[in-house]
Number of protein chains: 2
Amino acid sequence: MAHFMDVHRGMQGITAEQLRQAHQADLAIEREENVHFEKAWADPQSGTVYCLSEAPTAEAVRRIHERTGHKADEIHPVPLEV
Amino acid sequence: MAHFMDVHRGMQGITAEQLRQAHQADLAIEREENVHFEKAWADPQSGTVYCLSEAPTAEAVRRIHERTGHKADEIHPVPLEV
């Protein structure tokens, strides 16, 4: 298992409720890929959303986000943290 | 005070020790701008570093990172989190 940071763009105007719903949709199916979405942060002005997850592979993260309708634009493994 | 996510690119090959030292350099002076760097994650392969901070403004975050020699490529306020 490793940590991943993924980035979604074009989410201008996203609300707290929309972020919560998107995160809940991910949480509802994440176990099917052995992924856990730990945290998400959003900047409604630039339309950027960052998600931190623990997962076996970036591919597993990609599949969950695709199935819940919000494909990630970038998914980076982040093996280093401080 | 608000949360900010900033992004550094071009950090290919960054090591755990280099990340730790960069973070420590920020921590050493962050109070001068009333900033606190809470966490940083790095992907040495793509050369991307993400930093999460609490700060009065993006400008304050920018100044601390500049003074410690690692200018951020993007700094986004992230008023929403889940």
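1. Contact here means heavy atoms within 4.5 Å. In that sense, and leaving aside its neighbours within four places in sequence, A:G47 is in contact with A:H8, A:R9, A:G10, A:M11 and A:Q12. The model is a predicted one.

2. A:G47 belongs to the loop between β2 (36-43) and β3 of chain A. The glycine counts as buried, at 0% relative accessibility. Between the C-alpha atoms of A:G47 and A:H70 there are 13 Å, the two residues being 23 residues apart along the chain.

3. A:S53 sits in strand β3 (residues 48-55) of chain A. With a relative accessible area of 0%, A:S53 is buried. Once neighbours within four places in sequence are set aside, the contacts of A:S53 include A:A2, A:H3 and A:F4. A:V35, A:H36, A:F37 and A:E38 are also among them, as is A:V61.

4. On the relation between the chains: chain B is superposed on chain A by a rotation of 180° with 0.0 Å of shift along its axis, at an RMSD of 0.0 Å. The two copies are thus related as by a two-fold rotation axis. In chain B, the C-alpha nearest the axis belongs to B:Y50 and is 4.8 Å from it.

5. On the interface: 27 residues of chain B are in contact with 27 residues of chain A. Of the interface residues of chain B, 100% are also interface residues in chain A, so the copies meet through the same surface. The two chains bury about 2,300 Å² between them, and 67% of this is on carbon and sulfur atoms. On the chain B side, the residues that lose the most area to chain A are B:W41, B:L80 and B:V82, which together make up 32% of what that side buries.

6. On the sheet: five strands form an open sheet, ordered β5(A)-β2(B)-β3(B)-β1(B)-β4(B), with antiparallel pairing. Its edge strands are β5 (80-81) of chain A and β4 (74-77) of chain B, each of which pairs on one side only.

7. B:K39 has B:L52, in β3(B), as its bridge partner.

8. On the helices of chain B: helix α1 (residues 16-29) lies across β5 of chain A together with β2 and β3 of chain B, and runs at about 160° to β2(B). Helix α2 (residues 58-67) lies across β1 (2-8), β2, β3 and β4 of chain B, at about 40° to β1(B).

9. On the cysteines: the structure holds zero disulfides over all chains. For A:C51, which is in no disulfide, the nearest cysteine sulfur is that of B:C51, 18 Å away. A disulfide would need the pair of sulfur atoms within 2.5 Å. A:C51 counts as buried at 6% relative accessibility. B:C51 is likewise in no disulfide, its nearest cysteine sulfur being that of A:C51 at 18 Å. B:C51 also counts as buried, at 6% relative accessibility.

Technical notes
Residues numbered from 1 in each chain as written. Chains lettered and ligands numbered in written order. Predicted model: local features only at pLDDT ≥ 70, side-chain atom pairs only at ≥ 80, totals over all residues. Heavy atoms only, no water. Least-squares fit on C-alpha atoms with pLDDT ≥ 70 in both. Helix = DSSP H or I, 4+ residues; strand = E, 2+ residues; numbered from the N terminus. Buried < 20%, exposed > 50% of the residue type's maximum accessible area, 1.4 Å probe, protein only. Pairing = 2+ DSSP bridges. Axes fitted to C-alpha atoms, helices over the stretch in contact; angles between N-to-C directions. Buried area = accessible area lost by both parts, 1.4 Å probe.
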